[in-house]
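Hi,

Here is the structure I promised to pass on. My notes on it follow below.

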Amino acid sequence: MSNSGIAVSFKNVRKEYKDVKALQGVSFDVEQGAFFGLLGPNGAGKSTLINSMSGLVIPTSGSIEVMGADVQSEFRKTRRALGLVPQELISDPFFSIRELLELQSGYFGLKGSTQTRWIDELLERLALADKAKANANTNQLSGGMKRRVLIAMALVHRPQVIVLDEPTAGVDVDLRRTLWEFTKELHKQGHTIILTTHYLEEAEALCDRVAIIQKGQLKALDSTEALLSKHPFRYLKVRVEKHSPELPEALTSRLVDQDAGGLTFKVEKETSMSQMLGWLHASGLQVADISSRDATLEEVFLDLTAEGAAA
Ligand SMILES: Nc1ncnc2c1ncn2[C@@H]1O[C@H](COP(=O)(O)OP(=O)(O)OP(=O)(O)O)[C@@H](O)[C@H]1O
């Protein structure tokens with residue numbers, strides 16, 4: 001086991017599917033104990049990267065280490081250190097939820113009363129404990145229930161690194177809350193969490209570090225805090241009593257939203273507030289209120305991944 005403090009290390013990972021370059025040399029580390037967000041637009045290569053960690057996808061070149069062990073040459077070690085919750089929903093006509101979890105435990109050589117207690121806890125925490133549910137045949141379950149089963153299966157061997165591939169896509173509020181509470185608790189206990197999601201608000205609230213990939217390349221890698229504070233824009237919301245018929249170019253070029261609550265301007269941080277106030281004053285707008293905020297992760301993400309954004 002590694003003492004380096006690195007949970008996962010991607011080293012120049014490339015993956016080509018015929019003429020599709022899904023990953024074009026991706027290198028970065030995820031520290032042990034991190035709550036790490038892997039973000040990117042559709043088709044960026046997130047699932048390819050994640051599935052390469054678990055050996056489901058074999059990279060064309062490059063390597064990946066999980067807890068200091070190589071995914072290709074030390075597969076048993078890395079498989080044990082990793083719990084992957086995939087996107088697809090399973091259904092198995094032959095087994096109940098409990099049987100599936102017991103089978104999965106057996107695969108890792110885990111049995112006995114400690115393991116039975118952990119299975120009970122998983123069933124309880126993921127609201128699968130209901131006797132009927134735990135013994136139900138898995139193809140009788142709803143989509144949300146199947147997702148809970150996938151999570152339980154990924155956690156059955158108490159992996160050090162837990163990877164969640166869009167865990168909240170299409171799930172109801174109840175499961176979303178259950179899932180985040182449980183994940184936060186596992187993180188507190190020291191597990192490393194790697195998450196892909198299209199819900200950037202979720203990523204901003206949960207992840208202490210974020211990688212953004214686009215077209216198979218790493219576009220940004222930083223702490224969530226630094227990504228937000230380094231962003232060169234802030235947003236000014238201006239509530240007006242009276243709208244002027246025409247705004248000067250300095251304001252129209254910065255106007256990004258307009259609704260009943262007022263006008264929202266995206267302003268370079270280097271533009272001073274007094275400069276902005278000067279433009280507002282000169283425009284003849286009757287300003288009732290102004291509030292300023294930093295960009296959200298979603299706004300930073302959209303700027304970084306916009307077509308033509310500098311790499
Ligand atoms: N088995 C495959 N065969 C051919 N091309 C593939 C295969 N798997 C993925 N791709 C292609 O590789 C690229 C990256 O796909 P990937 O699923 O990793 O993206 P993603 O970031 O997970 O997207 P999403 O957010 O939509 O899940 C896409 O262009 C995709 O079409």
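Strands here are DSSP E runs of at least two residues and helices are H or I runs of at least four, numbered from the N terminus.

Before I go on: this is a predicted model, so local features need pLDDT of at least 70, side-chain atom pairs count only at pLDDT 80 or more, and totals for chains, interfaces and linings use all residues. Residues are numbered from 1 along each chain as its sequence is written.

β9 also runs parallel to β3 (residues 35-39), joined by four bridges, with Phe36 opposite Arg209. Six of the six residues of β9 (residues 209-214) are buried, so the strand is largely enclosed by the rest of the structure. Buried means 20 or more other C-beta atoms within 10 Å of a residue's own, with C-beta atoms placed from the backbone. Arg209, Ala211 and Ile213 point one way, while Val210, Ile212 and Gln214 point the other.

On to the ligand: the residues around it include Tyr17, Asn42 and Lys46, counted as near if the C-beta atom, placed from the backbone, lies within 6 Å. α1 gives the largest share of that shell, three residues.

Cheers

Methods: Buried ≥ 20, exposed ≤ 12 C-beta atoms within 10 Å, placed from the backbone. Pairing = 2+ DSSP bridges.
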